[in-house]
Amino acid sequence: DASGALHAASQAQPNIALVKYWGKRDTALNLPVVGSISITLDSLWTRTDVRFVPGQKHDVVSLNGRSDEAEAKRVTACMDLLRQRAGVDYGAEVASQNNFPTAAGLASSASGFAALVHAGARALGLELSLAEQSVLARRCSGSAARSIFGGYVEWAHGQLADGTDSVARPLLDADAWPLRVAVAITSRAAKQIGSTEGMCRTAQTSPYQSAWIDTQEADLDVARNAILARDFDALAAISEYSCLKMHALAMASQPGLLYWNGTTVECMHRVRALRQQGVPVFFTVDAGPQLKAVCAPSAIEQVKAALADVPGVLDVLDTGLGAGARAIPASE
Ligand code: PMV
């Protein structure tokens with residue numbers, strides 16, 4: 001409304017981890033077994049409008065104009081956290097739009113829950129710091145903790161049992177080192193095994209789980225230093241290492257988790273061939289078949305063309321690095 005009461009809208013963008021999060025030490029609170037470092041993207045976004053309606057019993061949720069029961073449950077769980085804080089019990093109307101494919105390894109849950117917490121908190125008049133919003137977003141979807149912030153972001157493992165210190169913080173602004181990202185879309189199918197189920201299977205069956213945990217702190221130190229020094233080669237090496245290590249860990253589960261298709265692997269080879277020719281580019285892949293190539297701004301056109309040329313690549317998206325969750329005008 002004109003007064004802003006009970007109604008607000010926010011935008012947040014997906015993030016891509018360079019040092020990966022994989023594994024939960026507490027599934028109820030979404031506490032990770034490792035810290036992680038990511039970049040927040042710019043041109044892919046989620047825009048979410050939240051209106052609380054006193055007297056309304058349930059939440060009414062629409063995603064890209066459609067209702068989706070599984071997602072609506074997660075939205076209600078997230079709104080419950082905010083309702084508890086505000087001491088209210090009425091439902092909300094939530095309308096969310098993504099300008100990119102959902103649930104295909106493009107971190108729609110990260111941007112989605114960051115935007116939802118940001119808008120929902122303001123709609124209820126809760127004055128939460130960004131760190132508090134990051135903690136709440138984490139409880140809804142782990143990596144959403146990082147999309148509250150822009151640029152280069154680190155999400156801490158934390159020490160406390162209640163998870164209040166497992167929070168993201170910004171390391172460096174997007175403008176301070178404006179790398180670009182080309183996303184090779186190799187499949188439009190929704191993913192088969194979600195990250196929560198995959199992480200659980202890995203923790204229960206992969207013999208590499210302890211090695212993964214034991215080596216993460218060193219990887220975080222290397223990546224953090226590379227970012228602060230804007231050392232592209234060092235960031236490239238640690239990022240590909242962390243990506244391949246996460247996938248090796250998951251592949252060694254029983255039954256093995258194989259998130260790549262053949263085109264994903266061809267894209268990895270193409271990126272490495274470019275780098276060998278002196279092009280500043282590296283790859284990373286999450287719990288799905290899309291390949292993300294991170295590069296210097298001067299290399300983006302060459303990287304996009306090289307990926308578009310790989311047989312099986314359906315499309316190549318292109319984005320810079322962007323800001324964290326923020327307010328946008330609410331609908332009428
Ligand atoms: O936040 P979730 O549950 O969607 O898990 C994200 C897992 C990875 O994308 C594979 C890694 C990461 O750090 O984002």
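How many nonpolar, polar and charged residues does the lining of the second largest pocket have? In this predicted model, the lining has nine nonpolar, five polar and two charged residues. Altogether, 16 residues line the pocket. K191, Q192, L258, Y259 and P289 lie nearest its centre. The space inside comes to about 230 Å³. Rolling a probe the size of a water molecule over the atoms shows where such empty space is left.

Confidence in the prediction was examined next. The protein chain has an average pLDDT of 95. A score of at least 70 is reached by 97% of the residues. Among the elements of the chain, strand 12 (residues 281–284) has the highest mean pLDDT, at 99. The lowest mean, 94, belongs to strand 14 (residues 315–319).

Strand 14 is also a partner of strand 11 (residues 180–185). The two strands run antiparallel and are joined by five bridges. Within this pairing, I185 stands opposite D315 of strand 14. Strand 11 has a further partner in strand 13 (residues 291–295). Here too, five bridges make the join, and the strands run antiparallel. V181 has V294 of strand 13 as its bridge partner. Strand 11 itself is mostly covered, with five of its six residues buried. In a regular strand the side chains alternate between the two faces of the sheet.

Is V181 buried or exposed? Its relative accessible area is 0%, so V181 counts as buried, because the cut-off for that class is under 20%. Several residues beyond its neighbours within four places in sequence are in contact with V181. They include I16, I39 and L41. K191, one of the residues nearest the pocket centre, comes 10 residues away from V181 along the chain. The C-alpha atoms of V181 and K191 are separated by 21 Å.

Burial was also examined in a helix. Helix 3 spans residues 130–140. Its buried residues are Q133, S134, V135, L136, A137, R138 and C140. What do the buried residues of helix 3 pack against? Their partners include three helices: helix 1 (69–86), helix 2 (108–123) and helix 4 (144–147). They also pack against strand 4 (31–32), strand 9 (152–155) and strand 10 (168–172).

Notes: Residues numbered from 1 in each chain as written. Predicted model: local features only at pLDDT ≥ 70, side-chain atom pairs only at ≥ 80, totals over all residues. Heavy atoms only, no water. 1 Å grid on protein atoms, 1.4 Å probe; cavity = no way out; pocket = protein on both sides within 12 Å on 5 of 7 lines; lining within 4 Å. Points joined across faces, edges and corners; volume = space filled by probe spheres on them. Nonpolar A, V, L, I, M, F, W, Y, C, P; charged D, E, K, R; others polar. Buried < 20%, exposed > 50% of the residue type's maximum accessible area, 1.4 Å probe, protein only. Helix = DSSP H or I, 4+ residues; strand = E, 2+ residues; numbered from the N terminus. Contact = heavy atoms within 4.5 Å. pLDDT = per-residue confidence, 0-100. Pairing = 2+ DSSP bridges.
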